[in-house]
Every structure is written in C-alpha cells, then in structure tokens.
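The sequence and the structure are shown below.

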Amino acid sequence: MIRELLTSKGKPAITSDQWHVVHSRMVHAGTKRPFVRTIYCEHEERSDCQKAAKALRVKLAADGVGVPEAESDEVFVRHPNYKSLKTAKCRRADA
C-alpha cells in the first residue's frame, strides 16, 4: 500500500509496504529541488521489482533521447517501508 507521510524533519515523503519502483522526474528546471518522485509500481518480490525498474528505464531512455543527463529521469528500487522524499535535488555528481 502506497502512503504519503512526513520524514522526521517534516519533509513530505512517499513509501510502500512492498518492494517498489520510484520514478524521479524533472519538473522545475532551475529550482532548488527540481525532481518530483512518485511510486511507479509495487511488488512482493525484489526480483520482480528489479525487472519492472529495468523495463521503465528502457522506456524512459527511448522517450528521452536528446535530453541532457542532468535533466533525465531517474529510477530507483526501494525496499519495503523505505521513505523517499517527494521532491529532491539531482543525485548525479555532474549536475
């Protein structure tokens, strides 16, 4: 079950009680936290979650041809109850 909650620092976050794929997409270029994260899908098994994440990465790569790496979408596999911030900075070192 996907839930929205607050971190211990009071920041909005999302989580799931299952393995889940988090899709982080740029929506506000030039702002402090340009990426918005959503839970793309949930799975009972880690291996199924990894397969879904790989499929999403392939789809996003095909859709994002020509997009600079610093502005491209990111995909994460998270364990059950992992809290992901709803908005975030780019995690890449070159951005």
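Predicted model: local features only at pLDDT ≥ 70, side-chain atom pairs only at ≥ 80, totals over all residues.

## Pairings of strand β3

Strand β3 (residues 19–26) is joined to strand β4 (residues 35–43) by 8 bridges, and the two run antiparallel. Within this pairing, W19 is found opposite H43 in β4.

Strand β3 is also joined to strand β5 (residues 74–78), again in antiparallel fashion, through 5 bridges. Here V21 has V77 of β5 as its bridge partner.

## Helix α1 and its two faces

The length of α1 can be checked against expectation. With 18 residues at 1.5 Å a residue, the helix should span 26 Å, and the distance of 26 Å between its end C-alpha atoms agrees with this. The expected value follows because the span is taken as 1.5 Å times one less than the number of residues.

Which residues of α1 are buried? They are C49, A52, A53, L56 and L60. Viewed down the helix axis, the buried residues of α1 fall within an arc of 100°, and therefore they line one face of the helix. The face turned away from this buried side carries K51, K54, V58, A61 and A62, which are exposed.

The buried residues of α1 pack against β3, β4 and β5. The largest nonpolar core consists of 8 residues: V21, C41, C49, A52, A53, L56, L60 and V75. Helix α1 (residues 46–63) is the greatest contributor to this core, giving 5 residues.

What does V75 touch, if residues up to four places away in sequence are not counted? Its contacts are V21, V22, A53, L56, R57 and L60. Of these, V21, A53, L56 and L60 are, like V75 itself, members of the largest nonpolar core.

Definitions and conventions
Residues numbered from 1 in each chain as written. Heavy atoms only, no water. Pairing = 2+ DSSP bridges. Helix = DSSP H or I, 4+ residues; strand = E, 2+ residues; numbered from the N terminus. Core = buried A, V, L, I, M, F, W, Y, C linked by side-chain atoms within 4.5 Å. Buried < 20%, exposed > 50% of the residue type's maximum accessible area, 1.4 Å probe, protein only. Contact = heavy atoms within 4.5 Å. Arc of directions from axis to C-beta.
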